[in-house]
Amino acid sequence: MTAHLPAPSAVLTAERLTKRYGRLTAVDDVSFDVRPGVVTGFLGPNGAGKTTMLAMLAGLVRPTSGRVLLGGTPLQKRPPEARTLGMAIDSCGAHPGRSARQHLRILAGFARLPRTRVEEVLALSGLAEVAGRRVGTFSLGMRQRLGLAAALLGDPEVLLLDEPANGLDPEGIRWLRTLLRERAERGRAVLVSSHLLSEAAHTVDDIVVVRQGRVVHAGAIADLTPSSGVWVRPDEPGRLAEAVVRAGGRITPDVTSGRYLIDGLDGPTVAEVARRAQVDLYELTPQSTSLEDVFLELTGARS
Amino acid sequence: MTLIIGEVRKLLTVRTALWFALASVALAVLNVVLVSLASGTLDEIGEKQEALGGMPLLLLFFGAVAVTAEYRHRTAAPAVLVSGRDPGAVAAARLGATVVVGLGLAVLTTGASFALGVPILASHHPGPDLSTAQLISLASGCVLAGTLSVLVGAALGGLLRNQIAAVVAGIVVYFVAPSLIAMINTSAVDYTPFGSLQVLTAGVHGSTHSLPASALALAAWAVGLAVFAVLAERHRDLG
């Protein structure tokens, strides 16, 4: 593994982070950057280590090895505070017996922020009308909004959100997407975790895909292109295989269906290759893959 | 100071302190009424003092419950996140805030006990009345015992982070440990939290320990546990 060099523009950098709990390795040598003005999706199936990773980025969990750089400075030297880093964790992190307003006022007090800021984030998160209600009476979606409101209190440079869309209704999800895009447009950095690519694809610019605690893909979402392929059912598989390889393709048998998957050649080329090799094709079907399929393949959910 | 004020606000915006205040006052009043009225005539100073004092067990539990609630409801992390301070500093502020609120509960409980008990005991004759100095000394002991018990409970809560475990640990520290220590060395019991409490709350007569010595012993236990809890917090994860 080569050393990870943080991008010059990175506002938050995970540098070879590892977290072990006894014999269990929750996060394994993970490195990536979070850039300002960009929404970064942190994607992976449940149990992939996303929450542990976010907690390490926020300084709540100590890495077994590796370090986190906030604005180029190690977290130990520059502990995050409300103006530098906001994080929505555990739904909202508020006592169920406290009202939303009380919860935010207490946090604002810790951060030495004015009370007017509390009213601003209450309005921003759509909780102004229920701010006097106890958090224990809130729905999951309302608690998510409260968690976001708390994270936004200091208008931080970096926003870390752990599965923020959980429990939000369609209107709430649209609100969330708009909020994240607006923050990115204002030059803020956003890292949002999710186990659903379809949900994140609408919002994120960069993605970091994790599987069993390791990064399996990091880069722009545009780079995560679905692969193409063609399913065929030939009368002479051996002869077709030779012809496909000669043409620069790759052929893989599917034992259960009796079909063959050809990669590297498109449908018309496969038909032409088969015609020249005098192989009859009883089926020729373009493989249908989506971004979600690619994600499932990366995360190992589809073998 | 900002952290302590914030933590005090946290404690005062939930009902835990209120319920413990009500229960603690009720228990203190019940204790003084039962001992003063049901025990016949209390005609000795020691007996009268014992009637007014009481084991501040509920205050020990208040400390444990107040601090462990932070972990139970996962409200400990946001304070660390927004304040920019290390978890140890926030934990120390939390213990300090719990002591501040605990002092209020101890004053309330002792005040209720004395307000009801002193007039009742004054009617117990023959026998001397408690002097003003004796009353002040006992009240100070009770308030101190209650406040330090809150800190013991809070420190155990911070160390164990689990409500039931902290309450059980409190019971062990106060009641089980002294019995075990007594099997090895009887005089050492006087230096345990329980032994010190007994002196401070006049639960024991004829102790060789003075009030200041007992206060110091209990304070050493409470502060020692609190320091241990803060150090532990600095080296543990919050996520």
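## Exercises on a two-chain predicted model

Let's start with a pairing: strands β12 (residues 250-254) and β13 of chain A run antiparallel and are joined by 5 bridges. Strands count as pairing if DSSP finds at least two bridges between them, and the elements themselves are DSSP runs numbered from the N terminus: helices are H or I with at least four residues, strands E with at least two.

A word on conventions: this is a predicted model, where local features need pLDDT of at least 70 and side-chain atom pairs count only at pLDDT 80 or more, while totals for chains, interfaces and linings use all residues. Residues are numbered from 1 along each chain as its sequence is written, chains are lettered from A and ligands numbered from 1 in the order in which they are written, and side-chain values use heavy atoms, leaving out hydrogens and water.

**Exercise 1. Work out the surroundings of β13(A).**

Step 1: take the other pairing. Strand β11 (residues 229-234) of chain A is antiparallel to β13(A), with 4 bridges.

Step 2: pick a residue. Y260(A) in β13(A) stands opposite V232(A), and Y260(A) is also the bridge partner of P253(A).

Step 3: look at the turn. The hairpin of β12(A) and β13(A) has 4 residues between the strands, and there G258(A) takes a positive phi near 75 degrees.

Step 4: check the cover. Of the 5 residues in β13(A) (259-263), 4 are buried; buried is under 20% relative accessible area, exposed over 50%, and partly exposed in between (1.4 Å probe, protein chains only).

**Exercise 2. Describe the interface of chain B and chain A.**

Step 1: count residues. On the chain B side 25 residues are in contact with 29 of chain A, where contact means heavy atoms within 4.5 Å.

Step 2: get the area. The two chains bury about 2500 Å², 61% of it on carbon and sulfur atoms; that is the accessible area (1.4 Å probe) that two parts lose on being put together, summed over both. In chain B, L81(B), V82(B) and D237(B) lose the most area to chain A, together 27% of what that side buries.

Step 3: find the charges. The count is 1 salt bridge, between the side chains of K19(A) and D237(B) at 2.9 Å, N to O. The rule wants a side-chain nitrogen of Lys or Arg within 4 Å of a carboxyl oxygen of Asp or Glu.

Step 4: see which helices take part. On the side of chain B that touches chain A, α1 (2-12) and α5 (76-83) each supply at least two residues. The largest share, 7 residues, comes from α5(B).

**Exercise 3. Why is helix α9(B) largely enclosed by the rest of the structure?**

Step 1: tally the burial. 8 of the 8 residues of α9(B) (193-200) are buried, so the helix is largely enclosed. Among them are F194(B), L197(B) and Q198(B).

Step 2: name the neighbours. The buried residues pack against α7 (132-160), α8 (163-184) and α10 (211-234) of chain B.

Step 3: go past the end. After α9(B) comes A202(B), with a positive phi near 60 degrees.

**Exercise 4. Now give α3(B) the once-over.**

Step 1: helix α3(B) (residues 45-52) is mostly covered, with 6 of its 8 residues buried. These are I45(B), G46(B), K48(B), Q49(B), A51(B) and L52(B).

Step 2: the buried residues of α3(B) pack against α2 (16-38), α6 (87-122) and α7 of chain B.
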